[in-house]
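This report describes selected packing features of one structure.

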Amino acid sequence: MDAQIDHYAVLGLPSGEEGAKLTEKEINKAYRWKALELHPDKRPDDPNAAANFQQLRTSYDILRDDKARKLFDELLRVKRDRELRHSQRDGKRRKMVSDLERRERDANAPDLAAKEREEEARIARQLKEEIARIRAMHGMKAAPPPPPETEKESGRGRAGGGGGVDPEKVLKVSWEKVGEDYSADKLRQLFSEFGEVEDVVIKGSKKKGSALVVMATKEGSVAATGSVIGHLANPLLVLPLKPATIADSSSFPKSAETAKLSNLVGAGYQAFEDSVLKKLQKAAEKQK
């Protein structure tokens with residue numbers, strides 16, 4: 001129990017009235033020396049090394065806290081007074097004290113021993129509360145920070161439709177789960193050639209991969225559509241979430257496949273995807 005420990009003795013300091021007069025500087029110095037002596041790294045064969053070092057830290061925190069130290073000094077004083085009275089009760093003095101206590105009890109006087117025990121218990125409770133407060137304070141300081149939001153989680157908040165993202169800047173990307181797969185970083189690298197990429201959200205299943213790519217501008221979205229191919233062995237199909245309406249997009253070259261996109265609706269998307277995949281597969285075979 002913490003109330004039964006002499007925290008001055010734990011730090012190798014004199015206790016009692018002499019300990020109460022010690023300065024904070026002397027307590028800090030004693031703690032540093034004792035910490036070097038009891039550190040678990042210097043006592044690899046001592047199974048109690050960690051517990052002893054933790055007790056040293058607790059005693060140091062109590063003596064460094066003004067309120068806790070004052071309560072501890074008061075507890076030591078009560079114990080010293082009680083031990084002094086017990087040591088003086090020998091021979092005739094013990095008999096005289098016994099007769100005096102009997103007369104006091106007969107006169108309904110309060111029991112001095114019980115009063116001392118109550119005072120000691122009260123101070124011990126207060127000291128225990130202070131120790132709990134100090135430990136709680138250290139626990140709050142050591143609390144780990146909250147984990148950072150991942151790119152995938154942040155992407156769901158922005159590209160998932162609830163963050164006010166312009167759908168004309170969002171591209172739907174799909175590919176087969178064969179050969180080399182695509183990560184968010186790889187997709188960001190491919191699409192950044194056509195403008196700044198605000199976000200990449202990977203979705204998909206075991207057989208087919210898909211993602212949403214959010215471009216910073218509508219022009220970038222238009223430029224990337226039909227231009228980003230990816231790996232020849234595993235090409236990408238890039239379609240706009242909503243076809244962009246741009247007043248002047250002449251600064252970006254349009255491929256023949258991009259022109260077809262404006263006429264694709266419903267089942268036409270699948271036919272266009274099959275056409276692109278066949279052309280890319282033929283190109284890959286010619287390079288072998």
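## A buried asparagine

N234 counts as buried because its relative accessibility is 2%, where buried means under 20% relative accessible area, exposed over 50% and partly exposed in between, with a 1.4 Å probe and protein chains only. The residue belongs to strand 5 (residues 234-235); helices (H or I, at least four residues) and strands (E, at least two) are DSSP runs numbered from the N terminus. Not counting residues up to four places away in sequence, N234 touches W175, E176, V178, E180 and Y182, contact meaning heavy atoms within 4.5 Å. Between N234 and Q281 the C-alpha to C-alpha distance is 8.6 Å, with 47 residues separating them in sequence.

## Basis of the values

The model is predicted: local features need pLDDT of at least 70, side-chain atom pairs count only at pLDDT 80 or more, and totals for chains, interfaces and linings use all residues. Residues are numbered from 1 along each chain as its sequence is written, and side-chain values use heavy atoms, with hydrogens and water left out.

## Aromatic pairs

The structure holds 3 aromatic pairs. Rings of Phe, Tyr and Trp (its six-membered ring) pair if their centres lie within 6.5 Å; planes under 30 degrees apart count as stacked, over 60 as edge-to-face and the rest as tilted. One of the pairs joins Y8 and F72 in a tilted arrangement, 5.7 Å centre to centre with 35° between the planes. Y8 lies in helix 1 (residues 7-10) and F72 in helix 5 (residues 66-88), so this pair ties together parts that are 64 residues apart in sequence. Y8 is buried at a relative accessible area of 0%, and F72 is buried at 1% relative accessibility.

## Packing of helix 3 and helix 4

Helix 3 and helix 4 pack at an angle of about 175°, their axes 11 Å apart. Axes are lines fitted to C-alpha atoms, for helices over the stretch in contact, and angles run from 0 to 180 degrees between N-to-C directions. The two helices are therefore roughly antiparallel; angles under 35 degrees count as roughly parallel, over 145 as roughly antiparallel, 65 to 115 as roughly perpendicular and the rest as oblique. Residues making the contact include I27, Y31 and L38 of helix 3 and F53, L56 and Y60 of helix 4.

Helix 4 also holds D61, which counts as buried at 8% relative accessibility. Leaving aside neighbours within four places in sequence, D61 is in contact with I134 and H138.

## Nonpolar cores

A nonpolar core is a set of buried Ala, Val, Leu, Ile, Met, Phe, Trp, Tyr and Cys residues joined through side-chain atoms within 4.5 Å. The largest has 23 residues, and Y8, L11, L13, I27 and L56 have the most contacts inside it. At least two residues of this core come from each of helix 1, helix 3, helix 4, helix 5 and helix 7 (112-141). Apart from it lies another core, of 17 residues, among them W175, Y182, F191 and A224.
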